[in-house]
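Dear colleague,

Please find below the structure for your records. My notes on it follow directly after.

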Amino acid sequence: MHALARTAGAASRGAHFCSPTRTVTRCVPSTSAPPRIWTQHRSGLLHSSAAHSNPAAAARRHAHLRHAPARPPAPSAPRSLHTSAPRHHGPLNRPAPGTGIKVTFQDSKGQPIRTVEANEGDNLLDIAHEYDIDLEGACEGSVACSTCHVILRPETYDALPEPSDEENDMLDMAFGLTDTSRLGCQVKVTRELDGLVATLPSATRNMFVDGERPLLPSPECGRGSCTGG
Amino acid sequence: MTALKLAVMGAGPSAFYTVSRILSSLPAASAPDLQVHMFDRVPAPHGLVRYGVAPDHPEVKNCINKFDQTAQDPRFTFFGNVLVDPTSATKQQYPNAVPLPLTSLFPHYTHLLFAQGASQPLTLPALPEAVPALSLVHWYTGHPTASSIPPIPIDSIEHLTLIGHGNVSLDIARLLLRSPASLRPYDGLPANVLRQLETSTVKRVTIVGRRAPAQVSFTAKELRELMSQPDISFEPIEPSLMNTARTDDGLDRPKKRILDILSRGSKVQSGLADKSWSLKFLRTPLGWRPKQRELRLGKNALSARGQAEATGEEEVISTDAVVVSVGYRSEPSTGLKNWFDDATGRIRNSNGRVMDSLGHIVRNVYASGWAATGARGVIAASMHSAYMTADNLLADLEVPIADTAPSPLVSDPSRGPPIPIQSAMDQVTGYDDWQGNMSQHS
C-alpha cells in the first residue's frame, strides 16, 4: 500500500478540481459558451444541433442539462426510462434462525461459500443478494440474461418444475451450461428442497489468448448490438 | 501494491463491469485514493445498453441499476462528450465532443482500460449503396449522431431485405413489422421514431445469410419473440434445408433449440397475416441496383467444414431497400497504433492485458468487452470478459508482471483529468446529468 499511499497527495491535490458530488456543474467552469446545445426527445436522449445559434438560449438549455432535476418523489415512478421494474421484490424477510429452508451456495470448485436460511417461495437470486453472495442478476430477475446461472444437484433439478422456454433460451447463453443448470431467479425454494446446494459457475475465466479463437458462450451471436437486445 | 488511477475509454457494459469489480474489490477503506475516470464520446453513459439494446427490450437495460451504483462511488467520475484519441473520421462524426489525444492521458494516469466496444460496421463491397444496420439502430435508439428521419424510406417501401443472420437483423425486422400500437408503451422508443413507424409501409422483411439454418448467429430469445408476434407470419423454411441442418453431428443444445423454433415457425400461419418475414439461406449478395430494385444473390453450398462456397449459380430478387448487418470491428485510431490488431479489428490482448505488435504485454494497459474480444456475445459475455480483465488488473497490482514492454504511463500521476478536459469542462457531461434527465421524462 506504500505506493498507493504515495498517490494520496496527488489525489487530494486533484480534489479541488471537481467536487465530490461529481456533478459537472460544480467543476471548474470555463468562460466560453458552449458552441452547441443538446435537445432532448421523449426518451431523455440527446440530439446535438448546430442549428441553434442563439448563445443565450444555448446557455439556458445547457444550464437545464446541467441542473438536472431531482428524481420524482413518487415511489411508484419508474427509476428511469431505460429499465423495467425489477420483478424481484427487494430485500427478503430472513426467517428466524433455525426455522427457514436451508440453502447452501458453493463455488465452482465445490467449496462451500455460505449456508443460509430462506422462506418458502424465495428465489435463489434474491436469497443470494440478501446474504451478499456474489451471484449476478443483470436483468434483475426478468429472464432477459443468464448472469444468475446456478448449477443444481440432479435430485434438486428433477424436483423442480420444468424451466420455461424463455428460461431455456437464456440458459443457452450461459457460461458452462450443464444438464442441471437453472437461472437462480426462477428457482423458488420449498420445504421439500431443504438442504438445497447451488453451485455458482466460475465468475471469470481466462477466455482466450490473442491469436486463438475466443472461447465464448455458444451460440456466438456475432451481432452488432447483440447485448441481449 | 501499486497505485491505481485508472482512465477508462468507453462507458458501456464492459467498462462498468470492469470498474465495478475493481471498486468492489478495493473498498474505499483500503484504497481511498483510488480514482477512476471514465470517458465516452457521447454525452450519456451506458454505451450499447442505451444505444444498442432494442427499445422494446427494457428488461435487458436493468443492468443500468448496477452501473448507477458503481457511479455512486466517490472515487468514480464520468466525463461524457469526450472523444479520446480522435481521428479525422470520428471528429467529423462527433464535432461537438471535446477531442482528447491519447498521449494527453499518459501523465495523468497509472492505468488505462480500453472498453470502447466495436462501433465500426463491417461493410460488403458488393453493396456500396446498401444502408448499414447501425444507422437504423442509431435512429431507433435516438443516438446523438442519428438523423431524425429513418435511414431508409419506411413510408414508401414494402419489402426490405436485411443481409446477415444475427440479432440486429431480427431486432430491425421486429421493430419495423410490429404494430406501432404495440410499441407505444415502450418509453425508450423516441417519440419521432414512433411517429415515423406509424407511417411505415413495410410489409415484408427478408433476411439473407451466406450459410444454412445450423449456422445462424441470432439467439433463441429474439427468434422466439419474432415467431410469437400476433400479427406477423413467418414463411416456412424448405424442409430439405432443415433436414440437412439436423444431420449435423456438431449441433449443441442452443443450436438444436433454434432449429426447433425455426421448424415450428410462427404462431400466425403463413399467408394469414398482413405482415411477414422470411429467412433466405446460402446466398451471398453480389450487387444491388436500387433504381431497378434488384438484388443479385450468388447461391452457395455448405462445405464439410460448414463454410459457404459459391456454386456459380445466381438469382435476382426484387426488393425495395437493402440493409447490411454483418458484424462490427473496433475503430482503429492514431494513438492505438501499436496495440490495435487490424486483422481482427480489436485491441491486441492476452486475457485483457494489452500487447504490442511484438506480442509483449504493455504494463498497466488493459482491454475488456468487445474492444478485446470482438463484437460477439450478449451483455453476460461482456461481463465475463470485464471480470477477467479486472481480476488480472488487480492481480498485477499485487504482483506486477515482470517481463513487459515499457508503459507510457506514470506511477505518480498528475492530479485531475488531462489538461484538454480541464479547460473544456463546460462541454463535458457528468453522470448525474443523465439520471435526472431520464427521471424527468418517466
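Chain A of this predicted model contains five helices and seven strands. Helices here are DSSP runs of H or I with at least four residues, strands are runs of E with at least two, and both are numbered from the N terminus. Along the sequence, the elements of chain A come in the order α-β-β-α-β-β-α-β-α-α-β-β.

Chain A has 229 residues, of which 38% are buried. A residue counts as buried if 20 or more other C-beta atoms lie within 10 Å of its own, as exposed if 12 or fewer do, and as partly exposed in between, with C-beta atoms placed from the backbone. Of the contacts in chain A between residues at least 6 apart in sequence, 60% link residues at least 24 apart; a contact requires C-beta atoms, placed from the backbone, within 7 Å.

Two residues of chain B deserve a note on their backbone. Most residues other than glycine have a negative phi. Asn81(B), however, has a positive phi of about 65°. Asn81(B) sits in the loop between β3 (76–80) and β4 (82–84) of chain B, and it is buried because 25 other C-beta atoms lie within 10 Å.

Arg293(B), also not a glycine, has a positive phi near 60°. Its place is the loop between β13 (283–289) and β14 (294–302) of chain B. With 15 other C-beta atoms within 10 Å, Arg293(B) is partly exposed.

Residues are numbered from 1 along each chain as its sequence is written, while chains are lettered from A and ligands numbered from 1 in the order in which they are written. As the model is predicted, local features need pLDDT of at least 70 and side-chain atom pairs count only at pLDDT 80 or more, whereas totals for chains, interfaces and linings use all residues.

With kind regards

Definitions and conventions: Two residues are in contact if their C-beta atoms, placed from the backbone, lie within 7 Å.
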